[in-house]
Amino acid sequence: MSKVICAISGGVDSAVAALLLKRRGLNVVGVFMRNWDLEDEVGQCSVQEDANYATRVCRALDIPFYEVNLVKEYWTNVFMPMVDQYEMGNTPNPDILCNQFVKFSAFHKKCSSLFGNVVIATGHYAKTTLNDRVLTATIPHTAEQRLLKAVDPFKDQTFFLHKVDRTALLRSYFPLGGIFKSKVKEIAADSEISFVLKRKESAGICFIGRREFSNFIKNYISPKPGQFICYETGNAIGNHDGYFSYTVGQRSLIGGLHISYAVLHRNSMDGNVFVVPGLNHPALYRKSLVSGPAHWIAGKPALLREGKPLNCYFRFCHRNSLVPCTVHQLENERLLIILQHPLRAMTVGQDAVLYTEDECLGGARIDDVGPSMYESQSQDKIVFDTFRNNCDLWLRMLDTYGPQVAAFSSADTTQQLNDYNKEINSFKHSQFLQDHS
């Protein structure tokens, strides 16, 4: 490969990726993606600072620097869909959309038009089965390519890459996939790009920068005040100025109450937010979900093609532990995923990402979540949440796939209930001490 493009963000990871490529004697070109328009910015944004650092990295490495403008593609495929989902009361992940539609699609196309048939490297922590071969061999577009976890389990970013198309991965290279983050910092410190270590590493949604998300999103969604409704009693216990500022599982921060309440459900129609006492209420725990159409990186697994269940691993948050699960194929490429034990705060709009021991198979958007531990307290029947509009779906799932769809009492659920009771008792004890001090 005569030329390798390295996406340069201005951070340490992409800088070290470019450094390692150059040390291999490759003809490296650094390209910075401008995905956010400063003219539309209403607060602080680090885009120009990122661009300045990216320029400085390329100058230090003595490699060419280019900048490509992908603001339109980002706005259309990432930002506005994210706003729409939040307005509907869902919780999307814009970083996944960015990789799917911008970094490994629009960016690839832009680089092809500028540089021809090139391999594109990034600073993501991930690996592929073809690995270094993409740098040294001509890979046919029909070749098999699988996405593998990075050696650093804490930094592994395959979760964010699970919707990238296989053909894009055939032209992708991840220099950091076999390196721990600590080593990446050591390499940077002992090189001409050591200055990037002085920057605070970015975390969270790229265009928000240092601001609070709840304050940022209010600039794009019209205010819709509502009430906090206690799920157990149906009583209003507080007011808020926008349901879209809250996510399932987070502390609601209602003032004047003796215990903390966690967000359970956001109603985009009337603006009310259902909350539950304690942060580990059984209504937050579920062990099944129905997804939208699945994206399989290397094709649908054989067992699912044969109409059989697939046993693999699941996560819906980047750094969550992998949980054993069973996957059933539904109509229209949708999936029913049943977990080995209930998880807290699975939410519509998030992504269900599936793994084997070392491979990211792909994933799908969570379209619906199954009966919670609270709904499943009776072994005889499910007492569905009052805000549900999909009871028939889950009755069909229970009838077809059995009681494992629900979070009925088990050793795992008993332990979680015990933990919840301890939490509530601790709240009550703390309040008692305050009242009698």
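Me: In the protein chain, what share of the contacts with a separation of 6 or more comes from residues 24 or more positions apart?
Reply: The structure is a predicted model, and its protein chain holds twelve helices and 18 strands. Among contacts in this chain with a separation of 6 or more, the part made by residues 24 or more positions apart is 68%.

Me: What percentage of the 437 residues of the protein chain count as buried?
Reply: A residue counts as buried when its relative accessible area is under 20%. Applied to the 437 residues of the protein chain, this criterion gives 54%.

Me: Leaving aside its neighbours within four places in sequence, with which residues is L21 in contact?
Reply: L21 is one of the residues with the most contacts inside the largest nonpolar core. In soluble globular proteins, nonpolar side chains tend to be buried together. With neighbours within four places in sequence set aside, the contacts of L21 are V4, C6, L26, V28, A121, Y173 and P175.

Me: How many residues are in the second, separate core?
Reply: Apart from the largest nonpolar core, which has 40 residues, there is a second one that includes V78, L97, I217 and F244. The size of this second core is 38 residues.

Me: Is helix 1 roughly parallel or roughly perpendicular to helix 8?
Reply: The axes of helix 1 and helix 8 come within 10 Å and cross at roughly 70°. The crossing is left-handed. Angles of 65 to 115 degrees count as roughly perpendicular, so the relation of helix 1 to helix 8 is roughly perpendicular.

Me: How many charged residues has the contact of helix 1 with helix 8?
Reply: On the helix 1 side, V12, D13, V16, L19, L20 and R23 take part, and they meet K181, V184, I187 and A188 in helix 8. By class, this contact has seven nonpolar residues and no polar ones, while the charged residues number three.

Me: Is helix 3 roughly parallel or roughly antiparallel to helix 4?
Reply: The axes of helix 3 (residues 71–87) and helix 4 (residues 94–115) come within 9 Å, with a crossing angle of roughly 165°. An angle over 145 degrees counts as roughly antiparallel, so helix 3 is, relative to helix 4, roughly antiparallel.

Me: How many nonpolar residues has the contact of helix 3 with helix 4?
Reply: Helix 3 passes helix 4 in a right-handed crossing. Helix 3 contributes E73, Y74, N77, V78, P81 and M82, and helix 4 contributes P94, L97, C98, F101, V102 and A106. One residue of this contact is polar and one is charged, while the nonpolar residues number ten.

Me: Is D62 buried or exposed?
Reply: D62 lies in the loop between helix 2 and strand 3 (65–69). Its phi is near 60°, a positive value in a residue other than glycine. Exposed means over 50% relative accessible area; the value for D62 is 64%, so D62 is exposed.

Me: Is A345 buried or exposed?
Reply: A345 lies in the loop between strand 16 (335–344) and strand 17 (351–355). Although A345 is not a glycine, its phi is positive, at about 65°. The relative accessible area of A345 is 9%, so A345 is buried.

Technical notes:
Residues are numbered from 1 along each chain as its sequence is written. This is a predicted model: local features need pLDDT of at least 70, side-chain atom pairs count only at pLDDT 80 or more; totals for chains, interfaces and linings use all residues. Side-chain values use heavy atoms; hydrogens and water are left out. Axes are lines fitted to C-alpha atoms, for helices over the stretch in contact, and angles run from 0 to 180 degrees between N-to-C directions. Helices (H or I, at least four residues) and strands (E, at least two) are DSSP runs, numbered from the N terminus. Angles under 35 degrees count as roughly parallel, over 145 as roughly antiparallel, 65 to 115 as roughly perpendicular and the rest as oblique. A crossing is left-handed if the near helix is turned anticlockwise from the far one by less than a right angle, and right-handed if clockwise. Contact means heavy atoms within 4.5 Å. Ala, Val, Leu, Ile, Met, Phe, Trp, Tyr, Cys and Pro count as nonpolar, Asp, Glu, Lys and Arg as charged, and the others, Gly among them, as polar. A nonpolar core is a set of buried Ala, Val, Leu, Ile, Met, Phe, Trp, Tyr and Cys residues joined through side-chain atoms within 4.5 Å. Buried means under 20% relative accessible area, exposed over 50%, partly exposed in between (1.4 Å probe, protein chains only).
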